[in-house]
Amino acid sequence: MSAPFSKRFDTKLRLAAAAAVAVLGAAGAVAAYVFHPRQLDTGYTPVQPVAYSHKLHAGNLGMDCLYCHTTVTQASYAAVPMTEICMNCHVRVKEKSPKLQAIRDSYATGKPVAWVKVHRLPDYVYFNHRAHVTAGVSCVSCHGRVDQMTEVRQVQPLSMAWCLDCHRNPAPHIRPPELVTKLDWQPEGDPAVLGARLIREKGIHPPDNCSACHR
Amino acid sequence: MADLAIDPRMELNPPLVQGGMTYSDVTDKISSIVEGKAPKRWYIGMAVAVPLALLLFACLGYLVATGIGVWGNNSPVGWGWDITNFVWWIGIGHAGTLISAILFLFRQKWRTSINRAAEAMTLFAVACAAIYPLFHTGRPWRAAYWLFPLPNEYLHMWQNFRSPLMWDVFAVSTYGTVSALFWFVGLIPDLATLRDRATTPLRKKIYGLLSLGWRGSATQWRHYELAYLLLAGLSTPLVLSVHSIVSFDFATSLLPGWHTTIFPPYFVAGAVFSGFAMVVTLMTLARWIYGLENLITMKHLENMCKVMLATGMIVGFAYGTEFFIAWYSANQYERFIFLNRAFGPYWWAYWSMIACNVVAPQFFWFQRFRTSIPAMFILSIFINIGMWFERFVIIATSLHRDFLPSSWGYFRPTWVDIGTYVGTIGLFLTLFLLFLRFLPAIAISEVKGVLHQQVSAGQAAPVHGGSH
Amino acid sequence: MNELIQLNLSNLTGRKYWRSLNQLADTPEFRQWVEREFPEGASELLDSGSRRTLLKLMAAGFGLAGLTACRRPVEKILPLSKGVEGYVHGRPLHYATAVQACGAATGLIVECNDGRPTKVEGNPRHPFSLGATNAFQQAMILDLYDPDRARQVQKQGVKSGWAQFESWWLEAASKLGDGAGLRILSPRTASPSLDALKAEIAKKYPNSVWVEYDAVNFDRVVEGARLAFGQPLMPQYRFDQADVVVALDCDFLGLDTMTAQPVKQFAARRRPEEGRELNRLYAVEPNFTVTGAMADHRLRARASDIAAVALALARELNVSGAELKVLDGAGGRQKKFLAAVAKDLLAHKGRSLVLAGPRQPAEVHALVALINQALGNLGQTVSYTRPPFAPADSLAAVRQLAGDLAAGRVTVLFALGGNPVYSLPADHNWAELFRKTAAVALAFDENETWKAALWQLPEAHPFEAWGDVRALDGTASIQQPQIQPLFGGRSALEIAALIAGRPQRRGYDIVRSYWTSQWGADAEKKWQQALYEGVIEGTRFPAVEVKADAARVLAAIQPALKAAPAGIETVFYPSWHTFDGRFANNAWMQETPDPMTKLVWDNAALLSPATARRLGVQDGDVLELSAGGRQIHCPAMVLPGHADDSISLQLGFGRAACGRVGRGVGHRVEGLRAEANFWFGPAEVRRTGAKYKLVTTQEHHTLIEPITGLKRNNIVEEFTVEEYRRRAEHGKHEPHPPTDLFPEFDYSKGYQWGMAIDLNACIGCNACMVACTAENNIPVVGKEQVGKGREMHWIRLDRYFSGEEDDPQAVMQPMACVQCEKAPCESVCPVAATAHSPEGINEMAYNRCVGTRYCLNNCPYKVRRFNFLNWNKDVPEIRKMVFNPDVTVRMRGVMEKCNYCVQRIEEKRSQAKAEGRRPIRDGEVLTACQQVCPADAIVFGNINDPESRVAKLKRQARDYAVLEELNTKPRTTYLARLRNPNPELV
């Protein structure tokens with residue numbers, strides 16, 4: 001009776017099997033990389049209703065972050081400024097600029113400007129700006145060099161692992177609280193050394209238990 | 001296996017194959033099941049099994065879409081029929097590997113004509129069991145991957161390896177894998193036989209592919225025997241470990257009625273008990289459907305009845321021990337939970353368990369029952385029911401009245417509970433009937449192994465074969 | 001503005017609701033409105049309502065989150081256009097206000113998140129709150145967002161508007177003349193501004209009549225004082241000064257007070273650690289109330305026998321020289337009891353207190369007043385002030401009103417609030433009578449009264465409207481709105497102003513102008529202070545000097561005290577669920593079990609085991625009760641300790657016209673309640689043979705095991721004062737530490753949170769349950785699911801009876817997660833969704849939980865709650881405004897449980913860090929249950945700080961851990977219940 005398969009068939013079968021394993025493995029690795037928040041979430045740069053440039057305001061004009069984001073030191077939110085705050089200057093500066101029409105409208109009508117949220121955390125995460133800023137974690141640690149961004153871009157994955165990295169080793173990210181908004185500030189020497197000292201002095205111990213962020 | 005051929009015990013035992021079957025008879029008989037048309041009885045079986053299997057999928061769909069609330073589970077009874085069925089199915093999944101592996105290592109030749117079907121039964125039972133741990137969770141779509149040890153986001157968050165449920169995942173999946181391997185390795189020579197007998201090119205290709213180029217050469221046989229022996233050795237400890245670990249789900253908790261050190265042996269015995277009961281149920285059926293009286297002889301069935309009698313006694317003894325320890329421990333909660341089992345709101349479950357698991361097997365003391373097909377069929381059904389009640393009693397009665405009387409409750413199943421349970425039985429039967437139809441339900445080569453003692457001496461019949 | 005929201009709301013539902021609010025921001029009307037309200041951006045103080053409205057819009061903006069369900073939903077941030085003073089997004093604002101029920105006010109502080117009132121707390125400055133509230137006040141916040149509220153001015157069910165109504169009224173008013181045809185019916189209110197308006201109306205329409213009626217009221221208390229002292233007075237008790245308290249059918253710890261004050265004062269005398277000797281409480285009552293459960297001695301007596309008891313007691317005390325004739329009915333056991341009580345009272349002259357419940361006739365109250373006078377308690381433990389509301393016999397007034405309506409003498413009838421058609425005495429068919437005239441119903445929801453009225457006006461919620469209220473002792477508070485009326489409702493005050501023909505009709509102007517006229521010069525300063533503090537200085541009524549000639553009074557009232565007829569009688573009580581029906585559509589209250597019966601979503605005819613046996617009745621048998629030719633049906637429930645031949649009925653159920661929550665829940669007993677048996681009276685009982693499913697949260701009611709008959713120790717510990725004294729000498733017994741499988745965690749550093757619950761103070765009033773529900777976004781599951789054992793309360797009140805079935809004692813045990821240091825739930829969770837924090841809190845990470853329920857099985861306290869179904873699926877969008885933004889709303893399939901209000905801990909922690917990284921002070925973090933507790937039975941804090949209150953309590957000899965032998969090392973421990981029995985009665 002004739003054999004159903006050719007002599008080479010076994011070899012082919014083995015090769016096929018090996019290939020299948022290799023392909024699956026590779027696919028898994030690729031997926032693991034692509035779907036990691038670092039690839040998935042960073043770089044998000046939505047178009048804002050008003051072409052506001054942090055580069056201009058915070059960078060060139062050197063305005064302090066706290067001038068607009070007034071609540072970071074008092075509340076968990078770093079509130080996007082009220083139209084009022086824009087108008088503090090723009091009643092005089094560029095008061096005719098068509099780019100600022102939306103702002104002027106909002107000021108006139110009381111209707112909010114619908115900014116698009118860039119740094120988004122899941123609903124079950126309770127991040128607290130006040131706790132971090134007062135501890136001496138700089139804006140730059142999570143938001144990057146916003147003072148160099150024309151359009152705000154997410155530069156960090158904001159994933160749980162990323163949070164934990166810092167919570168388990170905070171030293172490199174701790175600086176004197178008065179310097180948190182100095183995005184370009186660099187300590188002389190190793191930031192970790194300074195951070196370690198501050199941590200000792202102020203008794204900073206970032207929690208890594210669940211309810212620190214999940215409630 | 002030639003050495004086994006002159007095993008002196010052989011002569012003492014009555015022949016394992018009757019009706020003076022020759023090698024070719026065996027091959028023809030078994031292969032014909034796969035090659036010929038399916039008998040009407042097979043279609044009747046499928047007509048019952050398939051709708052039930054579909055019911056299972058309907059219920060699971062409804063469950064996932066709506067929530068665990070569609071079952072009767074509540075507080076304090078967090079686990080109801082879900083885990084009851086899980087443990088029950090896992091238990092049934094024991095006989096197969098036990099028969100194949102342990103009886104093989106002990107050279108119990110009578111296993112040959114039942115081990116194949118028993119192994120298949122094991123696989124299908126484990127498949128049914130595996131449904132519950134996944135679907136009893138509130139969010140199966142997450143459990144599906146969180147229960148496997150994938151580090152959450154690159155080594156920042158792991159599972160809790162202290163949890164017996166985590167051990168379950170490993171125990172059951174390992175057992176399933178090894179059993180499947182063991183079963184498939186055993187199938188190879190017979191698949192080759194089917195390949196060689198195949199008349200249509202399609203069958204030839206499929207069975208050819210499955211038989212992995214088996215030619216029956218002496219070298220292949222040597223490797224084959226070795227592999228089979230190793231797998232047997234590998235599965236043997238698993239038979240004991242799986243149900244021991246399943247029993248840890250309960251034994252490691254602090255709940256009265258669960259927190260019990262005798263659970264591992266007690267569960268394993270119970271598992272073998274229920275496993276054999278299910279084998280008898282299915283074998284008597286298969287025998288009836290395909291007329292395999294000569295291959296699945298009364299001796300096989302009688303042996304299994306004896307095993308049931310023995311394990312049934314062990315289980316009964318365990319029940320007694322539990323009560324004794326509860327009294328002896330002088331722990332108020334322990335004492336209450338066991339009295340509550342027998343005389344509380346769930347008395348009916350407890351006494352049905354006793355009747356089915358302790359009383360029913362006693363009939364097997366008498367050969368008349370051990371050798372009567374209807375008797376053993378009915379008794380095996382009773383034992384299956386009894387073992388289900390055992391798990392239900394352990395889970396529900398321990399949970400419904402625990403420490404604080406203020407939070408005592410009662411469990412009532414819903415139609416979804418029932419549908420899911422009956423559904424798994426349907427799935428199980430469907431798979432088993434498909435197996436009967438498309439794979440050699442009896443190990444041709446091994447049966448021949450025990451057959452040749454009857455072939456008159458001098459006739460140089462090849463011990464093994466298929467390919468000619 | 002209100003009309004705008006109204007229009008949008010009335011025809012938009014679901015998610016659209018938020019969108020509508022934002023679209024609203026586009027409309028020209030909105031622009032104008034903003035112009036009007038915010039010329040400079042700070043003047044919103046003129047109308048603090050508007051401030052909140054804008055915030056509401058902003059909150060609405062954030063509500064938009066996740067509308068588009070893609071991988072990365074685009075979220076909009078809608079900052080305010082112009083700032084609002086004192087508002088920081090993400091920081092809650094707190095405003096003082098006050099609410100009243102049945103003429104009794106309680107001061108509150110309401111928390112608002114982004115303009116949404118989300119949580120109620122008591123106002124520590126208010127004499128009747130002292131920082132606590134009861135369960136009902138906690139639940140008011142849910143009523144505010146009730147989607148079934150009346151939303152639209154209607155005329156006989158046809159859509160109309162305020163303008164149309166006002167023009168109708170002007171026309172009708174022009175025909176009223178001297179107001180002979182004008183009747184106004186309202187609930188009892190103690191409001192200075194409203195009193196002023198009443199006066200104006202009386203002046204404008206001299207022949208008009210203003211009738212005040214409440215289904216539950218203090219009329220007989222005030223009348224009793226009138227009998228005794230010749231003037232209507234309101235007794236003011238000082239339970240904290242009383243060593244011996246005798247309560248005659250008075251549930252002063254439960255529903256016979258609408259305030260937290262009596263509980264606060266009473267509980268202060270149940271803490272031996274504080275040096276003052278334990279007080280002793282005698283309760284004589286028909287129903288088994290929470291007061292009876294706290295009593296050291298309890299005598300079961302029918303309501304109609306209380307008069308006999310009071311007389312017998314009066315004679316024992318020899319209140320008058322004259323010999324008293326005593327009514328029969330005071331049996332042997334009673335005589336012994338009363339003799340002992342009298343002895344005890346005489347031994348504590350001036351430091352004792354006898355009081356009677358509002359159900360008892362005026363004569364009994366007069367008698368009690370004489371007893372207190374004889375015991376020298378007047379001015380010591382009880383003083384009298386003028387009542388904060390107009391004293392009147394409301395039943396007589398109501399009878400008169402019915403006559404006028406029937407005779408067609410009434411042309412216009414205003415029903416300002418409440419639900420009279422449902423709750424008025426059953427002597428008349430009030431719906432019929434209302435239809436005989438032009439009835440104007442101001443109603444909170446589309447209730448029975450609303451349905452019977454010609455004009456149907458939506459009423460503003462107390463959190464939506466300006467007003468002022470007096471507490472029982474006269475202390476006045478400003479009722480400050482927290483939010484603009486969601487559905488454009490108006491307050492009774494505003495309607496009254498309309499009736500009086502005032503030019504200014506806004507509640508704010510009415511209240512402001514009244515108090516300005518009172519204060520004169522520095523009105524502005526005082527106004528701001530009143531708003532800030534929540535109480536107005538110097539408004540408390542002075543005590544009235546009273547003296548009665550006992551003999552004369554007795555001679556006058558004794559004839560009225562009749563011997564009780566034999567046979568079964570029915571007694572009407574307010575309900576723990578709906579009070580008098582006003583909370584019928586409040587799912588939180590419906591699902592909070594009755595403290596004694598543990599019944600949910602129902603009322604029942606409570607009767608004693610003996611009576612039940614005699615009638616052959618079991619739980620759930622539907623009874624037909626008939627009296628005065630009226631029948632009602634109500635399922636029976638056997639309550640151990642209930643008086644024989646007496647049936648207790650709870651008001652406020654079986655609402656025919658009600659929202660989707662309360663419609664048809666329970667059985668309406670008001671149908672049996674006529675003037676004759678308004679509080680209690682004889683009735684016929686018959687079994688109908690029908691069965692009805694009653695659902696309770698607790699199936700087994702004692703600590704005695706069935707089958708074995710053994711008692712379970714180590715769950716509730718209970719001593720007499722004597723036993724405790726002996727125990728205290730030995731000091732607290734420390735269990736020898738067992739060996740542990742896992743290595744010890746070092747809990748000696750940092751904050752270690754712990755809790756102590758005092759079973760001797762807890763009265764089981766449910767306030768903690770509702771507060772927890774509000775704080776932690778706990779869902780409601782409904783009667784059927786509770787019946788399946790799926791209630792979600794994080795803290796529950798276990799109630800255990802002890803002693804013989806007919807006359808047992810009861811103990812309440814609040815039970816929430818006890819935060820085991822060796823938590824059985826943690827080791828079994830396969831995905832580590834529940835883990836231990838370094839500060840000793842057993843945490844739940846909902847987003848990690850897969851719902852195996854293994855933790856629930858392994859929890860010996862059974863305090864874990866599983867979301868068996870998606871309880872939040874059908875929550876209307878407006879109802880979602882009540883959610884606490886600091887707590888995740890859990891999805892289907894995850895486990896949840898108490899976590900010591902970890903969100904409050906984290907808030908205080910971050911605050912402390914922001915304030916120079918100072919440590920968190922003791923008492924700075926209050927859990928929701930602790931903050932609300934009127935008995936201060938729950939104390940939470942850092943057990944590592946030996947000076948903290950909780951650490952001190954845990955050092956007490958009566959501190960114990962439930963199920964200690966399991967070595968779970970719970971962080972919540974309990975202080976044993978103490979009883980202070982009279983030696984002569986043991």
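Guide: Welcome! In this predicted model, strand S1 (residues 115–116) of chain A and S1(C) run antiparallel and are joined by two bridges.

Visitor: What makes S1 of chain A and S1(C) a pair of strands?

Guide: Pairing needs at least two bridges. S1 of chain A and S1(C) have two bridges, so they count as paired. In one of these contacts, C:Lys76 of S1(C) is the bridge partner of A:Val116.

Visitor: Why is the link between A:Arg120 and C:Glu75 called a salt bridge?

Guide: The rule asks for a side-chain nitrogen of Lys or Arg within 4 Å of a carboxyl oxygen of Asp or Glu. Here the closest N and O atoms of A:Arg120 and C:Glu75 are 2.9 Å apart, so the pair meets the rule. Across the interface of chain C and chain A, three salt bridges are found, and 21 residue pairs are in polar contact.

Visitor: Which elements of chain C supply at least two residues each to the side that touches chain A?

Guide: They are helix H3 (28–37), strand S1 (76–77) and helix H29 (902–914). The largest share, seven residues, comes from H29(C). By class, this side of chain C has 18 nonpolar, ten polar and 14 charged residues.

Visitor: How do you know what area is buried between chain C and chain A?

Guide: Buried area is the accessible area that two parts lose on being put together, summed over both. For chain C and chain A that comes to about 4,100 Å², with carbon and sulfur atoms giving 56%. The contact takes 42 residues from chain C and 43 residues from chain A.

Visitor: Let's turn to chain C itself. What makes domain 2 and domain 3 of chain C neighbours in contact?

Guide: Contact means heavy atoms within 4.5 Å. In chain C, 21 residues of domain 2 are in contact with 23 residues of domain 3. Domain 2 covers 234–383 and domain 3 covers 568–696. About 1,800 Å² is buried between these two domains of chain C, 67% of it given by carbon and sulfur atoms.

Visitor: Why do C:Asp644 and C:Arg300 count as a salt bridge?

Guide: Their side chains meet at 3.3 Å, N to O, and the limit is 4 Å, so the pair qualifies. The interface of domain 2 and domain 3 of chain C has two salt bridges. On the domain 2 side, helix H10 (290–294) and strand S12 (297–300) of chain C each supply at least two residues. That side has ten nonpolar, five polar and six charged residues.

How values were computed
Residues numbered from 1 in each chain as written. Chains lettered and ligands numbered in written order. Predicted model: local features only at pLDDT ≥ 70, side-chain atom pairs only at ≥ 80, totals over all residues. Heavy atoms only, no water. Domains from an automatic or database assignment. Buried area = accessible area lost by both parts, 1.4 Å probe. Helix = DSSP H or I, 4+ residues; strand = E, 2+ residues; numbered from the N terminus. Nonpolar A, V, L, I, M, F, W, Y, C, P; charged D, E, K, R; others polar. Polar contact = N/O pair within 3.5 Å; in protein donor to acceptor, adjacent residues only side chain to side chain.
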